[in-house]
Amino acid sequence: MDWYQLWQIISAPDNVPIVGLLVIVPFYTWYGLRQARANDRLIQELEANPELAKTHHRKTFPYRPGWPTEVHVWPYLLRIEFLAAIIVTALLMVWSLTLDAPLEEPANPNLTPNPSKAPWYFVGLQEMLVYFDPWFAGVVLPTLIIIGLMAFPYVDANPLGNGYYTWRQRTVAIGSFLIGFYLWIALIIVGTLMRGPGWMLFWPGQTWDHTRLVYEVNRNLPDLFGITSDWGKGIFGLFAVVLFYLAAGFGLHKLVTRSPLNRKIYERTSLVQYLIFQFFAITILVGLPAKILLRLLFRIKYVWITPWFNI
Amino acid sequence: MDREKEGRGGVGVLERVREESEQLRMRLKEELEGLKQDLKEPQRTQLWRSIFRVPHERTTPRNRTLAVLANVFLHLHPARINRDAVRYSYTWGMGGISFYLFIVLTFTGVLLMFYYHPTKVQAFRDILYLEHDVPFGRLLRNMHRWAAHLMVITVWLHMFRVVLTGSYKRPREFNWCVGVILLVLTLLLSFTGYLLPDDQLGFWAVTVGTNMARATPLIGHEGPFGPQLGMTPYNDVRFALLGGSIVDSNALLRAYIWHCIALPLLAAIFMGVHFWRVRKDGGISGPAPVMLESEMKPVRKV
């Protein structure tokens, strides 16, 4: 274990947010899902007892008849905002007094640092460059992520869970988002902590060896099947990708229509909504991890080879 | 004052002066007493009332409401909100904290602009000057940097919370989209700021980042169908971003202008829309009463 190097990476001031994310994201996941569980229990109770459902105030927070349902923003909200501003300012002050923003030597186009990394929030995209060509990892995929996020409310036809934490009523929506969110953060962490010179994989604590050579040869999927002609590769790749989308789509469909509630929600979803959901879910949430596994386990670089682009 | 007494000689004048000064003294004393009273109760002065239209000293519901509605900085708030909506556990405060960090960044950013020239000759030296000579310069730069990183995290967490509570659902779908744009703008703001110190870190991070633009399909010279459409390193989208084929002085100037003017302006506009829509869509989404599966309305047939 090279503790010194590990410490150097972790304690680099610009990497502090990543170390923070390792704590913050699990904490807030727990914090949200704990409330979801409490609400789910209440929902179960009310579902089983329709009489109670008629009279219950339907929150896990205490409430008695006669209590005002609303409070004045001044002072009950503004004092919280004021307090939050003070706490954030104090936190920033302490952070700024204890850690200096990095400043390296003057920019020098003739001296390329190895590895040269993007800012931490984009390291996830840089990490995807291992698995996809730049046009896909750097341009198409981010665009798809943004469009997919924007489409999210329009393809979620589930009327339940609007304005309260719940897990059981919204397994598909929350599950999809969690996979994407964690994938994004996992890629950032791998890119920051586990990528050394030449963007080679080093385990945390493994000394970065600038002279390391990797003897693995990447292969393309058509090569494994002995396809050599350009036309053959193109058609084979198209076939493979279409087959993947069909198989993943079928698997996803089985998954999202498993529980009775999810089947009910599926019935409310229009075909256009459902196909858009399937497209983004397959491409980002299934396709990306699938390609990562193909690469890491089977050293497969491209699945689909054409004269213009490779995937 | 009696006019007939005038011109009767020195004694009369002296008498008059004494009389008048006595009156003046009394008046001054009276007014000082009044000023003292004003200092004790400044809310009653004309000055105070001209600034604060609503009396704050009595906490009647009407005053509390007006305190929010009649204040330009607070008027985006409603006068009253759901009793549970102020709970930290529901919102995590991340949207508000993101906005506060934006304000902190604007403030520290403007101060940093006083010491910074976006030129290849000056930029790096300005950072050294900031770090070593400007009073509190290092603190200023640190705060700007860390507030930017923190804002990226709080924006992500805000989005995470909105998903977990289903707050993007009808009628808030559009505001979610505005939020996604704000997320992108936050990342772009952070990214454009990275180049400005003109050190190795920023230079190579931006080089790596903008090199991806080469591979943009159709409009990048290394992207699919780019060369077929006549893209070269001197006319493609990367050239437009950098103002050249390499990360150099033009790129620095462009990053500076995007970072300090264009993107903050865009972000401010979208934030205005975002907050406005929060109100127009009925305030924050909850904590709402839970809805039961058995209460789902039948599917609407279109």
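Two strands pair if DSSP finds at least two bridges between them. Helices (H or I, at least four residues) and strands (E, at least two) are themselves DSSP runs, numbered from the N terminus. By that rule, strand E1 (70–72) of chain A and strand E1 (residues 80–82) of chain B are joined by three bridges and run antiparallel.

The model is predicted: local features need pLDDT of at least 70, side-chain atom pairs count only at pLDDT 80 or more, and totals for chains, interfaces and linings use all residues. Residues are numbered from 1 along each chain as its sequence is written, while chains are lettered from A and ligands numbered from 1 in the order in which they are written.

**The two chains**

Chain A has twelve helices and one strand. Read from the N terminus, its elements run α-α-α-β-α-α-α-α-α-α-α-α-α. Chain B has eleven helices and one strand. Its order from the N terminus is α-α-α-β-α-α-α-α-α-α-α-α. The radius of gyration of chain B is well over the value from the globule rule, so chain B is more spread out than a compact globule. The radius is taken over C-alpha atoms, and the rule is 2.2 Å times the number of residues to the power 0.38. The table gives the values for each chain.

| Chain | Radius of gyration | Globule rule | Span of C-alpha trace along principal axes |
|---|---|---|---|
| A | 25 Å | near 19 Å for 311 residues | about 75 × 55 × 30 Å |
| B | 31 Å | 19 Å for 302 residues | about 110 × 70 × 35 Å |

Chain B is also divided into domains. The assignment gives domain 1 (27–73) and domain 2 (91–282). Such bounds come from an automatic or database domain assignment. Taken over C-alpha atoms, the centres of domain 1 and domain 2 of chain B are 43 Å apart.

**The interface**

Contact here means that the C-beta atoms of two residues, placed from the backbone, lie within 7 Å. On that basis, 86 residues of chain A touch 84 residues of chain B. Several elements of chain A give two or more residues to this side, including strand E1 (70–72), helix H5 (78–98), helix H7 (134–155) and helix H8 (171–193). Helix H2 (16–48) of chain A is another. H2(A) supplies the largest share, twelve residues. By class, the chain A side has 54 nonpolar, 17 polar and 15 charged residues. Ala, Val, Leu, Ile, Met, Phe, Trp, Tyr, Cys and Pro count as nonpolar, Asp, Glu, Lys and Arg as charged, and the others, Gly among them, as polar.

**A helix pair in chain B**

Helix H8 (residues 173–195) and helix H9 (residues 200–214) of chain B pack at an angle of about 130 degrees, with axes 7 Å apart. Axes are lines fitted to C-alpha atoms, for helices over the stretch in contact, and angles run from 0 to 180 degrees between N-to-C directions. H8(B) and H9(B) are therefore oblique to each other. Angles under 35 degrees count as roughly parallel, over 145 as roughly antiparallel, 65 to 115 as roughly perpendicular and the rest as oblique. H8(B) contributes Phe191(B), Tyr194(B) and Leu195(B) to the contact. H9(B) contributes Gly202(B), Phe203(B), Ala205(B), Val206(B) and Gly209(B). The contact of H8(B) with H9(B) has six nonpolar, two polar and no charged residues.

**Backbone details**

The peptide bond from Arg170(B) to Pro171(B) is cis, with omega near 5 degrees. Pro171(B) sits in the loop between helix H7 (137–164) and H8 of chain B. Another cis peptide bond joins Gly286(B) and Pro287(B), with omega about 0 degrees. Pro287(B) is in the segment after helix H11 (249–280) of chain B. In chain A, Trp199(A) is not a glycine, yet has a positive phi of about 55 degrees. Trp199(A) lies in the loop between H8 and helix H9 (221–224) of chain A.
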